[in-house]
Amino acid sequence: MSAPTSAVSAETLAEAAAEHEPVFSLALTQDQRDIRDWVHGFAADVMRPAAHDWDEREETPWPIIQEAAKIGLYGFEGMAQFFSDPSGLGLPVVNEELFWGDAGIGMSIMGTGLAVAAIFGQGSGEQIGEWIPRCYGTVDEVKVAAFCASEPNAGSDVSGVRTTARFDEATNEWVINGQKAWATNGGISDVHVVIASVDRELGSKGHAAFVIPMSEAKGISQGSKVSKHGLRASHTADVFLDDCRVPAGYVLGGKEKLDERLARVREGKKSGSQAAMQTFESSRPTVGAQALGIARAAYEYALEYAKEREQFGRKIIENQSIAFTLARMKLEIDAARLLVWRASWMGRNQVPFENAEGSMSKLKAGEVAVWATERAIQILGGNGYTREFPVERWHRDAKIYDIFEGTAEIQQLVIARAISGMHIK
Ligand SMILES: Cc1cc2nc3c(=O)[nH]c(=O)nc-3n(C[C@H](O)[C@H](O)[C@H](O)COP(=O)(O)OP(=O)(O)OC[C@H]3O[C@@H](n4cnc5c(N)ncnc54)[C@H](O)[C@@H]3O)c2cc1C
């Protein structure tokens, strides 16, 4: 079948085009380009030169977070501005540039975002106003925040959460007990958002999210800090909750709403999505954008190297195997970006992820980052394998994108369930 023809003149088409705004565009606006270039400048001038050092030190780069806060890149206002972009592209564009600069430092700057997403997604207006600014602190006293869902025996299977929250009517407080594992910024944050079970019999439907400020609550402490393969400038640790008490109003969404939701679940009615899942769904495209930043860094570095390095009397890029690998790297990165941008646009405009488009974007970008950084090592040969060159660090950093916020297997499970409508195991 051929496209329908009509007698519409070129003039009519031109008039129609002039009357209407384009309904589809992948071109960034001037504002978006300005923000991208500004973040890129910070990534290139401040993060890149410091990346190797902080990776070796395995410490949170507080001076760089502070630097980011000073220029408005880290903080409540900045994040609100990036998030409020109606196209949804603000956050992915910023994340891609930051993680191009360095993933470990990038995670120290962006790790707070997961706790913020939980508060924004599940908190009341009053809670959003109170807790989100506290997650970031001030320019003079920067803070980070932590989102604590995982436990030693509950990673992919969030329903296995053993941390409990019991309501003490006598004191009007929640009493929280348990152990959280692998929490980014765990124990070094003021605000911790903790997923706990209020009613174990209801499985993950009996979970709720609690805000626990380290500066106020007793019974919350940092467990061991985890020594990692990559992302080493980002702090990861266990968090212990030992008869930790917080006021009734520290459950996100409020106690009244929680009681109503639990009553609906007990009656077998619909209850909306689970506390941890809600946060992960909204943040997956942003996490995909982080992986993209690492992949792009490796691709650009390998491309320049291949154009310089000579063997057998010619540049190594003159060999098809090298040139084709670089062509595929560029192709895969651009393909992943399209998925990330689509999911970001959908998320921002509340278009339902009917085919798990958020998971698709994170899965693809994570796999591309791992593959592209490994290929970059290959293109650099022996140099690629040494710590004198950044590509081995990028490869170590990239691997986490197959694992956290839902492993590659779990993303496939989510997509498979969404497209089939069946409970694939
Ligand atoms: C650096 C880092 C930072 C992190 N930050 C945070 C954080 O801030 N907050 C937080 O709550 N958590 C965080 N995590 C935890 C992270 O989300 C979990 O590690 C992740 O969800 C996987 O859980 P797991 O490690 O228990 O693996 P497991 O669930 O034990 O999985 C092990 C393997 O089995 C596979 N598998 C499991 N179930 C299935 C299935 N049904 N079908 C097919 N394959 C399956 C998995 O895909 C994986 O390959 C972080 C982890 C790391 C390493």
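This is a predicted model: local features need pLDDT of at least 70, side-chain atom pairs count only at pLDDT 80 or more; totals for chains, interfaces and linings use all residues.
**Entry 1: α2 against α5**

I started with helix α2 (residues 30–57) and helix α5 (residues 90–101), whose axes come within 8 Å and cross at roughly 20°. That makes α2 roughly parallel to α5. My labels for angles: under 35 degrees is roughly parallel, over 145 roughly antiparallel, 65 to 115 roughly perpendicular, and the rest oblique. Axes are lines fitted to C-alpha atoms, for helices over the stretch in contact, with angles from 0 to 180 degrees between N-to-C directions. Helices are DSSP runs of H or I with at least four residues, strands are E runs with at least two, and numbering goes from the N terminus.

Residues are numbered from 1 along each chain as its sequence is written, and side-chain values use heavy atoms, leaving out hydrogens and water.

I looked up the hand too: the crossing of α2 and α5 is right-handed (the near helix is turned clockwise from the far one by less than a right angle). For contacts (heavy atoms within 4.5 Å), the α2 side includes Ile 35, Val 39, Phe 42 and Met 47, and the α5 side includes Val 93, Val 94, Leu 98 and Trp 100. By class, this contact has ten nonpolar, three polar and three charged residues. Nonpolar covers Ala, Val, Leu, Ile, Met, Phe, Trp, Tyr, Cys and Pro; charged covers Asp, Glu, Lys and Arg; the others, Gly among them, are polar.

**Entry 2: α2 against α3**

Next I took α2 with helix α3 (residues 62–70), which pack at about 170° with axes 11 Å apart. The two are therefore roughly antiparallel to each other. From α2, Phe 42, Val 46, Met 47, Ala 50 and Trp 54 meet Pro 63, Ile 64, Glu 67 and Ala 68 of α3. I get eight nonpolar, no polar and one charged residue here.

**Entry 3: Ser 361**

Is Ser 361 buried or exposed? Ser 361 sits in helix α12 (residues 357–380), and it is buried, with a relative accessible area of 0%. My cut-offs are under 20% for buried, over 50% for exposed and partly exposed in between, with a 1.4 Å probe and protein chains only. Leaving aside neighbours within four places in sequence, Ser 361 touches Arg 284, Pro 285, Gly 288, Leu 339, Val 340 and Ala 343.

**Entry 4: strand β5**

Strand β5 (residues 207–213) has seven of its seven residues buried. His 207, Ala 209, Val 211 and Pro 213 lie on one side, Ala 208, Phe 210 and Ile 212 on the other. Strand β4 (residues 191–197) pairs with β5 in the antiparallel sense over seven bridges (pairing needs at least two DSSP bridges). I also noted Val 193 opposite Val 211 in β5.
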